[in-house]
Amino acid sequence: MDHEATVGDSGADDPAAGLEFERNRRTAHIDALRGAGTNPYPHRFDRTHTLGELRELHGALEPGTETDVPVRVAGRIMLKRDQGKLIFITVQDRTGTIQLFVSKSEVGEDGFAAIVELDLGDWVGAAGIMMATRKGELSVKTSSVSLLSKAVRPMPDKWRGLSDVETRYRQRYADLIVNDEARRMFAVRHEIIASFRRTLHDHGFIEVETPVLHVEAGGAPATPFVTHHNALDMQLYLRIALELHLKRLIVGGMERVYEIGRVFRNEGLSSRHNPEFTLMELYQAFGDYTEMMGITEHLITTAARDATGSSVVTIDGTEIDLAVGWRRARMIDLVAEATGREVHPNQPRETLVALAAEHEVRVQPYWGTGKIIEELFGATAESSLREPTFVTHHPVEVSPLARVDPADPHLTERFELHVGGRELANGYSELNDPREQRARFEDEQRAKDAGNLEAGTVDEDYLRALEYGMPPTGGLGIGIDRLTMLISGAQSIRDVILFPTLRPEVF
RNA sequence: GCGCCUUUAGCUCAGCUGGUAGAGCAACGGACUCUUAAUCCGCAGGUCCUGGGUUCGAUCCCCAGAGGGCGCACCA
């Protein structure tokens, strides 16, 4: 090939090295390949094995032995060790890596010259036979190597990798190429979701899809994203929860439904919050909150085993086995435990306001006693709940869709799962009395009018659905991102979301 | 939104309360037929995030801004 065309003929303004020089060099090489009749982006290459399969089949090959097993493999060049007339190339696919043993005497002068020109990051296909080197490294003794896709941009450092977190999130493709840990996170995430689907299928749940664009954003206390539909000329909200549509399906008699879907909340970002995140919600006719706690334990423990092979997770450096039963404690009891004072929504508001002040909780004027208790819980007890704990019996005020506890009209049949100081799941016995639901919605609407932006509104269609009759039902929601963090050991939610929300990059 | 930290070559990082920058890897030229981040020799590569200011002189000090991280607030 015309090697002179690949270097040295760049314009006077081009730098002598650096990124631009490198890209120019490689694009010039692509032109040279095309000029010589070689397609740098050929249509296909058929492989006989993945690299993991080869390791499984031939991993036990004795050092220095050669088989007569022909193979065709493909992968990205990660390392290249040039020995003069012998080149060792480490290629990677999603199942692992393998070494290509490239001898000039095997591939010929022209073939060898082309292989010398390959860059780290290029995708290649190779044909050859299986062998193990004298040192025992499983290799493909290569008879030919073909370029499958030329990389124009250089890879991150082959040893130190890519560690700049901003670049890792913005250029996830580069992160996935070089960081095993990044690939592992998303493998775990996939296994958790796949495990959920298996478990739910086994329990007779049907997976459904409900609207993302809502006329009213309900089902959770949160600030929605607002958008607009042009043809209908109407304001729409991106959903903040799956709940209200899924329960309409329970009214319709579907009995066991779930959805794993993206929800959107227009709130702050942190290492535990991304504006869009994934929620699994399920609803089971003839279930209640105690059954939901059982399903929660089963789903999460099974997912941990499926994803990592173990039900043991590490929380803040401490190993915790999810398979042992989880503590259950009422919210009011946990607050009492943390503050040394009994609390209950039926207490005078002034009493709770005073206690809140002692714990530096800033009470909003529109908060009732139930909301103050929930905030007190958040300020005093929540962060100490490292081991999985079902916090139960939330006040009615903060649970507008949950059934009241028959033993205490101020509390609900509800639970939240807390692990490692953060909320992971939420469930309850669903309120199915349309008249009571209307009254609760009206309370919400009043709170909204009084200044609580996160309060709900009266969802007339949902009330109409309830009027057709919803069976007694248990419901559950699990935050998939946070669960993935727990099981994978990720420190930031951005490590378990492929493309986390960032401010736009300036090019 | 507030506070603290951070931004230097494609990547990973040095850079002395101020004298306009270095290394390793990658790249480029060369040697090498069993390497494992191959090794060895040589060579090149910079908007020191941006804009102001102070100074004879700023990667360094000051101010403003941008991106990112962490905490707080909000929330899941």
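Reader: Is Glu-22 buried or exposed, and at what relative accessible area?
Author: This is a predicted model, in which local features need pLDDT of at least 70, side-chain atom pairs count only at pLDDT 80 or more, and totals for chains, interfaces and linings use all residues; side-chain values use heavy atoms, without hydrogens and water. Residues are numbered from 1 along each chain as its sequence is written, chains are lettered from A and ligands numbered from 1 in the order in which they are written. Buried means under 20% relative accessible area, exposed over 50%, and partly exposed in between (1.4 Å probe, protein chains only). Glu-22 is therefore buried, at 17%.

Reader: Which residue meets Glu-22 in a salt bridge?
Author: A salt bridge is a side-chain nitrogen of Lys or Arg within 4 Å of a carboxyl oxygen of Asp or Glu. With N to O at 2.6 Å, the partner is Arg-25.

Reader: What is the relative accessible area of Asp-175?
Author: Asp-175 pairs with Arg-168 in a salt bridge, N to O 2.8 Å. Arg-168 is buried at 14%. Asp-175 is buried too, at 0%.

Reader: How far apart are the closest N and O atoms of Arg-446 and Asp-443?
Author: Both residues sit in helix H12 (residues 434-449), three residues and about one helical turn apart. Asp-443 is partly exposed at 42%. In their salt bridge the closest N and O atoms are apart by 2.5 Å.

Reader: How many salt bridges does the rule count?
Author: Salt bridges with shared partners join Glu-22, Arg-25, Arg-26, Asp-119, Asp-122 and Lys-150 into one network. The count of salt bridges comes to 39.

Note on methods: Helix = DSSP H or I, 4+ residues; strand = E, 2+ residues; numbered from the N terminus.
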